[in-house]
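Have the viewer open as you read.

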Amino acid sequence: MSVFLSFVFGILSSIAAALLLQFFAGRLRLRFSFRRVMSDIRALYGKIRADEFVPDSIVTIDRNSAIVGAILSGFFTFNSIISIATRNERLPDGSRRITTDEARLPRPTALAGHNVLLLICFNDSGTSLDFVYSLLRSEFPQIKEIRTAALYSSASPKMRPRYCAWEVGRGLNASISRIINKMPWMSSEWHHIFASERIIDKH
């Protein structure tokens, strides 16, 4: 009898260990490794250089893009980037209103004569990219050229970036909202602008 119980206990222990291993492996797959993100940034850089475009400045949209832009700037040997923060408000009809703090915008002459790479990390609806692109066009008329880029983009945004590392449905099998939560710097303490609309992984 004791031999039989030991046999059963051994089987159950093996099953439990296998289930735990599968669970933790699944949790790890929920995250992009920093190495993966670096590889994606390198891929984006390669597409920009293949087009023979060399920006004089990188302008990023909000904080996720600032992280990516700071890394990308190293490939172009820049010392710094310019980041434009937007404010998002969900209106009663479900639409989004985007504004920016004009007091925090760079000087109008800061980008004069520059080829600008406008970068967003997650181009989901495309409204933020479109808003800041229009803002640069209207408020910084002395910019020589603006080209847009995204690390990750949805398949049909309002504004499609000229350069994109990965697009949903073309190498990405998850929605942008899911990808946001996969980034290595995301945590329960990192508050999204519409927190109730994002599923934050607390582990």
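Predicted model: local features only at pLDDT ≥ 70, side-chain atom pairs only at ≥ 80, totals over all residues.

As for the inside, the protein chain has 203 residues, and 38% of them count as buried. Take the contacts with a separation of 6 or more: residues 24 or more positions apart account for 66% of those.

## The parts list

The protein chain has 5 helices and 8 strands. Reading from the N terminus, the elements go α-α-β-α-β-β-β-β-α-β-β-β-α.

## The sheet

There's an open sheet of 6 strands here, with parallel pairing and the order E2-E1-E5-E6-E7-E8. Its edge strands are E2 (82–84) and E8 (171–172), each of which pairs on one side only. In general, strands of a sheet pair through backbone hydrogen bonds.

Zoom in on the E8 end: strand E7 (residues 163–168) runs parallel to E8, and 2 bridges join them. One to look up is Glu167, whose bridge partner in E8 is Gly171.

## Helices across the strands

Which strands does helix H2 (residues 34–50) lie across? H2 lies across E5 (115–123), E6 (145–153), E7 and E8, and runs at about 125° to E7.

Helix H4 (residues 127–139) lies across E1 (57–61), E2, E5 and E6. Relative to E5, H4 runs at about 160°. Strands E5 and E6 turn up in the lists for both H2 and H4.

Methods: Residues numbered from 1 in each chain as written. Heavy atoms only, no water. Helix = DSSP H or I, 4+ residues; strand = E, 2+ residues; numbered from the N terminus. Buried < 20%, exposed > 50% of the residue type's maximum accessible area, 1.4 Å probe, protein only. Contact = heavy atoms within 4.5 Å. Pairing = 2+ DSSP bridges. Axes fitted to C-alpha atoms, helices over the stretch in contact; angles between N-to-C directions.
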